[in-house]
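Visitor: Before we go through this model, could you set each value against the rule that gives it its label?

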Amino acid sequence: MLNPYLLRNELLSVAKKLLKKGFKLDISLISKMENKRKKIQIQTENLQYEHKLLSDLFRKSKILKENNETLKNKIAKSNQNLDILKNELNLLKEKIYNFSISIPNIPSQDVPEGIGSHNNKEIKYWGKKKKYDFIVQDHIEIGNKLNQIDWKSAAKISGSKFVVMKGNIALLHRALSQFMLDFHTTQHDYIETHVPYLVNYDSLYGTGQLPKFSDDLFHVNTADKKKYMLIPTAEVPLTNLFKNEILDEKYLPIMLTAYTPCFRSEGSSYGRDNKGLIRLHQFDKVELVQIVQPELSMQALEILTNHAEKILQLLELPYRKVLLCGGEMGFSAAKTYDLEVWFPSQKKYREISSCSNMTDFQARRMKTRYRKKLEKNNHFVHTLNGSGLAVGRTLAAILENYQQEDGRVKIPKILQNKYMKNIKFIN
């Protein structure tokens, strides 16, 4: 959530910045609520002061054994009025709080204007697109011909937007996740972490998925009436490991990675991206999370994004890096880079990783702070996360970019020996 100070003292500036995300802040409503809050706050403080004076007089009258019946009545009346004001103030504060948690994070100054993908800023391109002297097939057709991606069985046991993989494609899927984890832990110093796939409301609130995006989640009700939700990304449990914590600065930055299944209802998805491995209810991902000092978070975003890029480079998959415009960014993000891998069947780049700096937005919701040496005050950390990478989409990109004229799929060199049992082609 946003710093309350900004909403109280820099409201017009905040509203202007939020327009970059296509969010129109109701200035009139929040101003009205804040003015009323200030008025009641002052009334409450004045009444508390008056109540203290009356209480002091009452204590003195008891010592002097004076008649204090009138004072008793005044104190009782003061207590009654104070309770009414406090209740009114608490209800108003709750209303302001509920309003404030629906406000997205403020975009960074260098985030481009615009609300559509055509307004994203292209930062760089990497890799050469292969030229094919045969008709290029998409990953769905390739998987079907190899008889190793089974959509019918998945639909039979679960429904649409699920997949069953078999044989060497299943092995490749596992190999990719292992390769990503190994590389991030040994070369980039992330700590491998195994986390729960079911989380509570507070965890999803902390990272910003709730309450706004409840319809995008899978909800699970247990027999004992406990409510859980399946994680949409490992960002949720990884970041929430530090909920309500005060960290010592000497332990920052904290860098974690986890390989998990991810679950999304994807109710709003449509079109071609709704087919194949691009958009599923259940998919696997290697997630990267960093917890850093505020002054280092923008630099950390560049580093984290480079970590995700390195995987694509080692797999020799052509991609581009784009800086998202305000309207394309997520609710909690202040700045986001998307990495988009080349899909020759579509002749388009498709997102394979999204790397974001959330600044202190999530930390305020989770109450995650850190303590500087020789300082009494605690400070909110900045949180970052990114895909390093989405495994299913990486697999789909390999099937398409490495397809051969005879129907085989070549295995990227980096995977052949250590991860794919010396297999060079999927037949």
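Visitor: Why is E302 called partly exposed?
Guide: The relative accessible area of E302 is 27%, and since buried means under 20%, exposed over 50% and partly exposed in between, computed with a 1.4 Å probe and protein chains only, E302 is partly exposed. This is a predicted model, in which local features need pLDDT of at least 70 and side-chain atom pairs count only at pLDDT 80 or more, while totals for chains, interfaces and linings use all residues. Residues are numbered from 1 along each chain as its sequence is written, and side-chain values use heavy atoms, with hydrogens and water left out.

Visitor: How do you know that E302 and K321 meet in a salt bridge?
Guide: The N to O distance between their side chains is 3.6 Å, and the rule asks for a side-chain nitrogen of Lys or Arg within 4 Å of a carboxyl oxygen of Asp or Glu, so the pair qualifies. E302 lies in helix α10 (residues 297-314) and K321 in strand β11 (residues 319-323), so the bridge ties together parts that are 19 residues apart in sequence; helices (H or I, at least four residues) and strands (E, at least two) are DSSP runs, numbered from the N terminus. K321, with a relative accessible area of 6%, is buried.

Visitor: What makes R8 and E34 a salt bridge?
Guide: Their closest N and O atoms are 3.6 Å apart, and they therefore form a salt bridge. Because R8 lies in helix α1 (residues 4-9) and E34 in helix α3, the pair ties together parts that are 26 residues apart in sequence. R8, at 41%, is partly exposed, whereas E34, at 8% relative accessibility, counts as buried.

Visitor: How do you know that D406 counts as exposed?
Guide: Its relative accessibility is 53%, so D406 counts as exposed. D406 also forms a salt bridge with R408, the closest N and O atoms being 2.8 Å apart, and R408 is partly exposed at 28%. Elsewhere, salt bridges that share partners join D110, K124, E302, E309, K321 and K335 into one network, and the count by this rule comes to 13 salt bridges.

Visitor: Why is S353 called buried?
Guide: S353 has 0% relative accessibility and therefore counts as buried. The place of S353 is in strand β13 (residues 348-357), and its C-alpha atom is separated by 4.8 Å from that of S387, 34 residues apart along the chain. Buried residues make up 50% of the 427 residues in the protein.
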